[in-house]
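Have it open beside you as you read.

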Amino acid sequence: MAPTGRHRALAEHAFSPHDAVMGAAARHPGRRRFLTVTAAAAALAFSTNLPARGAVAAPERGARIRKDPFTLGVASGDPLPDSVLLWTRLAPEPFAEDGGMGTERVTVEWEMALDEHFAAVVSRGTADAHAEYAHSVHAHVRGLTPDTVYHYRFRAGAWISPTGRTRTAPSARSGTSSLRLAAVACQAYQDGYYTVLRHVAEDDVDVVFHLGDYLYEYAVDPAGGERRYPSGTLPGVFNRETMTLADYRLRYSLYKSDEDLRAAHAAHPFVVTWDDHETENNYAGAVPENDVPPDEFLLRRAAAFRAYWENQPLRAAQLPKGPDARLYRRLHWGTLAQFDVLDTRQYRSDQAYDDRPQAPGPESDDPSRTLTGAAQERWLIDGWRNSTALWNVTPQQVCFSQRRFDVTADAAVSMDAWDGYRASRDRVIAGAKSAGIDNWLVLTGDVHVAYAFDIKDDFDDPRSATLGTEVTCTSVASGRDGAERPATWDTYMRANPHLRFYDGRRGYVRVELGRRAARLDFRTVSAISTPGAPVTTAASFVTEAGVPGLKPA
C-alpha cells in the first residue's frame, strides 16, 4: 500500500523499559553482524520474560479484579469439525501499557452452550492468562459436534464477558450444500468509522475472513483522525508510529475498543491473516520499507508478530518464534470448500525497482523471485493436488490478477502485488492447472477498492482460457469514504479486459458457495466519515461450478 506516513528512526523512538533489551540487542555493535532470526527471537524472549520459566509459579489474581476486564471483547476463530478457538484478553484499563492487569497470572473460565442463555452448557474449562502474553486467552475447545452453532463466554473473578456466537465446520466427508462467508480487509482506525463491520456483524454468514491490515502502524492523533472526536479524546500514546511490543499491544487495544469491531468478532468466527501494516508498510520478508538495519527490523517484526497472535483467535501452532510465524494454513468446509490461507509478506523477495510502479522488466521477472517462498508454494500446489473439495478458495493479501495502470503497451503495474512477481504467479497458475482444480476462487484485500476479475491463462490475451475468479473486498475504513467510480475507473476498465467490476467505496464481499454456483455480492456503504450509513449491494455476480468466469447475477 502507498504510505500515508513516514517512519522515524528507532533511535528517535522512546522505548519503554519493557522493550529495553530488544533495543539494546539491535544496537549492540558486537552483535549486529550476527543478529539472525534466532538471535532476534532470543532477544524478544529475554526482553518479555516468556512464561517458559516462572509463569507457573507466578501469583494468581482473579477475585481482586475491580473493573470489567473484558473491554476488548471476545472472539472465535479457525472452526474445525470438532473444535474452535476461543479468544479474549483481560484489560480493565485497555489504554494502559499493562492493560491494568499488572504481572500476575489469572485463571479464566470459559463455557460453551447450545443457547445464548446457557441453559444447555456442553463444555467448560479454564485457561491461564499470563502477563507475558498481555493476559490474552486462547482456549482450544475440542470434542464439539460438527456443523453446529454454539454460544460462549468467559469469567474472570466476579466478571462475566459478553456472549459470543461461533460454529464448527461440517465433518470432513459431509456433502453440505452451502456456505456463506464475508471477506474484509484494511481497517485504518484513523480513516473513519467501522460501519462496515457493524453490517458484517448483522449479516447471516457462517464465517468471516480477514485478509490483512487489521491495524495500521501510523500515528493516530487524539481526535482519532477522520473520526473527529472531541479534542483530547484519545491519549497521546497513540500519536506515534508503532515500533515496540508495547506500542503494538496498545494499538490493538485502540482498535478493539471499537464497538463495531467487537460486535463482528462476537457474531461470527474469524479466519485471519496479515498483510504489511500489522508490522510496517510494504515490508518484504526481512527487508524493511526504509533504510533501517535488517537486525533492528527483525526485532520490530518479532514484536509485531507477537502482538498479532496475542490479539487474534489463533491456535498455538501460529504462536511466533521471534520474528517467524507459520500463519499459512488449510481449512475445510466438508467436501464443499477447501481454504488455503496464504501469507504473502513474510517470505517474499524484495520488491523490484525500489517498489515504484513500473512496467515489468528483467528485475521483476527474475524467475528466482517469489511472493510466497518456496515451501509455501509447494504446500499450496500439493494441497490442490490432494483436494477433494468442489471449490478451492485462496484467501490472500495482494492483487493476484494482472492490473495495468494505463492502456499503453508499456503500462506500469504494482511491484508490490503479484504483477511484480510474475514468475511466482506463473508457477502458481501452472500448479492450479496441473492439479486440475476446476473451481478456483481467490479472495484478496489490500487495494481499498472492490474488483472482480476473471483469472486468465494469459492475461495479455483476452481470448485465453478463464481459470478462476478473483474478488477484492475493498476496505473497512482505509481510504476514507471513497467513490463509486474513482478517477482511474475508465482507464482501468479499458486497460484490463478481464476486470469485470470496479467500485471505490468502503464495504465487504459476501460469498455464497453452493453445489451449482458461487454467488458474489459486493456490499458497500456510502460513507464512513460519520457512523451509521446503510449498506447496499453494489453488484452481484455468479460463477458456475465447472464453468469458470463471472456472469451478472
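1. A convention before anything else: a crossing is left-handed if the near helix is turned anticlockwise from the far one by less than a right angle, and right-handed if clockwise. Helices (H or I, at least four residues) and strands (E, at least two) are DSSP runs, numbered from the N terminus. With that settled, helix 7 passes helix 8 in a right-handed crossing.

2. Some housekeeping. This is a predicted model, where local features need pLDDT of at least 70 and side-chain atom pairs count only at pLDDT 80 or more, while totals for chains, interfaces and linings use all residues. Residues are numbered from 1 along each chain as its sequence is written, and side-chain values use heavy atoms, with hydrogens and water left out.

3. The overall picture. The protein chain has nine helices and 22 strands. Of its 553 residues, 61% count as buried (under 20% relative accessible area; exposed is over 50%, partly exposed in between, with a 1.4 Å probe and protein chains only). Contact here means heavy atoms within 4.5 Å. Among contacts between residues at least 6 apart in sequence, 71% join residues at least 24 apart.

4. Back to the helix 7 and helix 8 pair. Helix 7 (residues 374–385) and helix 8 (residues 422–435) pack at about 20°, and their axes are 8 Å apart. That makes the two roughly parallel (angles under 35 degrees; over 145 is roughly antiparallel, 65 to 115 roughly perpendicular and the rest oblique). Axes are lines fitted to C-alpha atoms, for helices over the stretch in contact, and angles run from 0 to 180 degrees between N-to-C directions. On the helix 7 side the contact is made by Glu377, Leu380, Ile381, Trp384 and Arg385, and on the helix 8 side by Ser424, Arg427, Val428, Gly431, Ala432, Ser434 and Ala435. Those residues divide into six nonpolar, three polar and three charged (Ala, Val, Leu, Ile, Met, Phe, Trp, Tyr, Cys and Pro count as nonpolar, Asp, Glu, Lys and Arg as charged, and the others, Gly among them, as polar).

5. What do these two helices lie across? For helix 7 it is strand 12, strand 13 (337–341), strand 14 (391–395) and strand 15 (440–444), with the helix running at about 175° to strand 13. Helix 8 lies across strand 15, strand 16 and strand 17 (466–473), at about 150° to strand 15.

6. Seven strands make an open sheet with mixed pairing, in the order 12-13-14-15-17-16-18; two strands pair if DSSP finds at least two bridges between them. Strand 12 (329–333) and strand 18 (499–503) are at the edges with a single partner strand each, so one side of each has no neighbour in the sheet. The twist averages 20° from one strand to the next. Strand 16 (residues 450–456) pairs antiparallel with strand 18 over four bridges, and Ala450 has Asp503 as its bridge partner.

7. Strand 20 (residues 517–525) and strand 21 (residues 535–544) run antiparallel and are joined by nine bridges, with Phe522 partnered by Ala539. Strand 21 also pairs with strand 22 (residues 547–552), antiparallel, over three bridges. Glu544 stands opposite Val547 there. The hairpin of strand 21 and strand 22 has two residues between the strands, and Gly546 in the turn has a positive phi of about 85°.

8. Two covered helices deserve a look. In helix 3 (residues 195–202), six of the eight residues are buried; their packing partners include strand 19 (506–514), strand 20, strand 21 and helix 5 (259–267). In helix 5, seven of nine residues are buried, among them Asp260 and His265. The buried residues of helix 5 pack against helix 3 and helix 4, among other elements.

9. Finally, Ser257. This residue sits in the loop between helix 4 (245–256) and helix 5. Leaving aside residues up to four places away in sequence, Ser257 touches Phe95, Tyr189 and Arg262. The C-alpha atoms of Ser257 and Gly73 are separated by 8.2 Å, although the two are 184 residues apart along the chain.
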